[in-house]
Amino acid sequence: MNDRAAFVRLVRALAPWDTHLLFVGGWAHRLYRLHPHAVPQAYQPLATLDADVAFAQRERLDGDMRAALQDAGFEQQLTGDHRPPVSRYTLGNDAPAGFYAEFLTPLVGRSHTREGVALATEQQAGVTAQRLRYLDLLFLSPWSVSLGEDWGVAPPLQIQIPNPVVFIAQKLLIHTDRAPGKQSQDLLYIHDTLELFAPELDRLHDIWRNDTRPRMDAAWVTRVLRARDDMFGVLNDRIRDAARIPQDRDLDPERMRAMCLEALGEMLE
């Protein structure tokens, strides 16, 4: 089983809840290539084995997703010290080593109780999701893509992913909170997403101006705009590290920086 087949098995297991779920993170970036507005690229997308699945804050999910995943061959692992602990679902021996699914949900409001206990997780339909700040942004006007014959799927499966504007904006928002290795990876995600939709910058700008920005907190908008200059204003080691990540292409760090600064300027103006 390759990673596409493993991902398809996850999607099929969660199909009863498909209208409530959003596939985010690295798999969302990979799935952008399935969108009709994406420009075909000669290089491979960044591969990631962890599939992040998100549901909205206070979403009411009926049924038992844990049982559905276990019926599909996923084994539950509980991690962390939070109550309830974060649940991770890993495929068995026939799956690519390391492929697993985790659940996420937005952290809105306070992050701790008055007693100082972290409000870090939320349980729905038998699974426990990690609560993350700024994740609610990803739920604004999601896009849909289709897994078809190239993925061994017939008839096609429709799944929801964040639109590229909120995907990039959330990366800008969380950048300073990320570990150094993740910061470089996120820079590459931003660069590659802009490259995928380069002919659609006017469309991305319209999404930002008419849909995303008006629905964001003013402080978040300020943080996004500032992050663009902080992250790409000057060539630095994080950008150099990001340019070294791909194994099938040579990226020039300065060209990567300049392209992101200019494209983000057009998208966010």
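At what angle do helix α4 and helix α5 pack, and how far apart are their axes? In this predicted model, α4 (residues 164–174) and α5 (residues 180–196) pack at an angle of about 155°, with their axes 10 Å apart. Local features need pLDDT of at least 70 and side-chain atom pairs count only at pLDDT 80 or more, while totals for chains, interfaces and linings use all residues. Residues are numbered from 1 along each chain as its sequence is written, and side-chain values use heavy atoms, with hydrogens and water left out.

**Helix packing**

- The angle makes α4 roughly antiparallel to α5 (angles under 35 degrees count as roughly parallel, over 145 as roughly antiparallel, 65 to 115 as roughly perpendicular and the rest as oblique).
- Helices (H or I, at least four residues) and strands (E, at least two) are DSSP runs, numbered from the N terminus.
- Axes are lines fitted to C-alpha atoms, for helices over the stretch in contact, and angles run from 0 to 180 degrees between N-to-C directions.
- On the α4 side, the contact (heavy atoms within 4.5 Å) is made by P164, F167, I168, K171, L172 and I174.
- On the α5 side, D186, Y189, I190, T193 and L194 take part.
- By class, this contact of α4 with α5 has eight nonpolar, one polar and two charged residues (Ala, Val, Leu, Ile, Met, Phe, Trp, Tyr, Cys and Pro count as nonpolar, Asp, Glu, Lys and Arg as charged, and the others, Gly among them, as polar).

**Aromatic pairs**

- The structure holds eleven aromatic pairs (rings of Phe, Tyr and Trp, the last by its six-membered ring, pair if their centres lie within 6.5 Å; planes under 30 degrees apart count as stacked, over 60 as edge-to-face and the rest as tilted).
- The rings of F7 and W27 are stacked, because their centres are 4.2 Å apart and their planes are at 5°.
- This pair links F7 in helix α1 (residues 3–13) with W27 in helix α2 (residues 25–31), 20 residues apart.
- W27 also forms an edge-to-face pair with F99, at 6.3 Å centre to centre and 85° between the planes.
- F99 lies in the loop between β4 (86–91) and β5 (100–107), so its pair with W27 ties together parts that are 72 residues apart in sequence.
- F7, F23, W27, F99 and W151 form one aromatic cluster.

**Burial and exposure**

- F7 is buried, with a relative accessible area of 0% (buried means under 20%, exposed over 50%, partly exposed in between, with a 1.4 Å probe and protein chains only).
- Both W27 and F99 are buried.
- P16, in the loop between α1 and β1 (21–24), is exposed, with a relative accessible area of 59%.
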